[in-house]
Amino acid sequence: MYRLNLPPYPIKITERGEKRLIFDFLRRKYVALTPEEWVRQHFVHYLVEVKRYPKSLLANEVELKVGDKKLRCDTLLYNKDLHPRMIVEYKAPTIPLQQKTFDQISAYNLLLKVDYLVVSNGLQHYCCKMDYAQQRYVFLEQLPDYELL
């Protein structure tokens, strides 16, 4: 797989038939090992182990419904009342983070109204704090530790 701009962690990979699977410790199961999933697993471990985000308040692959349309958030951070607080969107390391990535996460935020938006391809990471009063978002220098949210 790809070398990322994220700390390493004890990766659990297995094979079932022709498929390679990686263990998702939030969903507590093995999932298909894709380049995007490689980024997700590294990033979620970074959130929990380095930034001290509570594992119990994180969820992967959260489905949203808009009428008949179904959307899927890559990772959500909830507050202690289980209201969404942060959306994280991942791309494969080979995919540059462009405006359409921010448009995608912004569409999710129209439904969720979170405080933070994060995008990562494992090499680059961007974090924005929402400013609803001014109807804008502010890019942060780095992802805040959980205690600073």
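Guide: Leaving aside its neighbours within four places in sequence, Val 118 is in contact with Phe 43, Met 86, Ile 87, Val 88, Glu 89, Ile 105, Tyr 126, Cys 127 and Leu 143, where contact means heavy atoms within 4.5 Å. The model is a predicted one, in which local features need pLDDT of at least 70 and side-chain atom pairs count only at pLDDT 80 or more, while totals for chains, interfaces and linings use all residues. Residues are numbered from 1 along each chain as its sequence is written, and side-chain values use heavy atoms, with hydrogens and water left out.

Val 118 also belongs to the largest nonpolar core, which has 27 residues, and is among those that touch the most other members, together with Phe 43, Tyr 53, Leu 58, Leu 77, Met 86 and Leu 143. A nonpolar core is a set of buried Ala, Val, Leu, Ile, Met, Phe, Trp, Tyr and Cys residues joined through side-chain atoms within 4.5 Å, and buried means under 20% relative accessible area, with exposed over 50% and partly exposed in between (1.4 Å probe, protein chains only). Two or more residues of this core come from each of H1, strand E6 (84–90) and strand E7 (116–120), and H1 gives the most, with seven residues. A second, separate core has 17 residues, including Val 62, Leu 64, Tyr 78 and Cys 128. The helices (H or I, at least four residues) and strands (E, at least two) are DSSP runs, numbered from the N terminus.

Helix H1 is mostly covered, since twelve of its 15 residues are buried, among them Trp 38, Phe 43, Tyr 46 and Leu 47.

E7 and E8 run antiparallel and are joined by five bridges, and Leu 117 has Cys 128 in E8 as its bridge partner.

Strand E8 (residues 125–131) contains His 125, which counts as partly exposed at 31% relative accessibility. Not counting residues up to four places away in sequence, His 125 touches Asn 5, Leu 6, Phe 43, Val 119 and Ser 120. His 125 and Leu 6 are 119 residues apart in sequence, yet their C-alpha atoms are 9.6 Å apart in space.

Cys 127, one of the contacts of Val 118, is buried at 4% relative accessibility. The sulfur of Cys 127 is too far for a bond, because the closest cysteine sulfur, in Cys 128, is 6.6 Å away. The structure holds zero disulfides, a disulfide being a pair of cysteine sulfur atoms within 2.5 Å.

An open sheet of three strands has the order E1-E2-E3, with antiparallel pairing, and its edge strands, E1 (13–16) and E3 (29–32), each pair on one side only. E1 and strand E2 (residues 19–24) form a hairpin with two residues between them, and Gly 17 in the turn has a positive phi of about 65 degrees. Four bridges pair E1 with E2 in the antiparallel sense; Glu 15 stands opposite Arg 20 in E2, and Arg 16 stands opposite Lys 19 in E2. Helix H1 (residues 35–49) packs on this sheet, touching E1, E2 and E3, and its direction makes about 20 degrees with that of E2.

How values were computed. Two strands pair if DSSP finds at least two bridges between them. Axes are lines fitted to C-alpha atoms, for helices over the stretch in contact, and angles run from 0 to 180 degrees between N-to-C directions.
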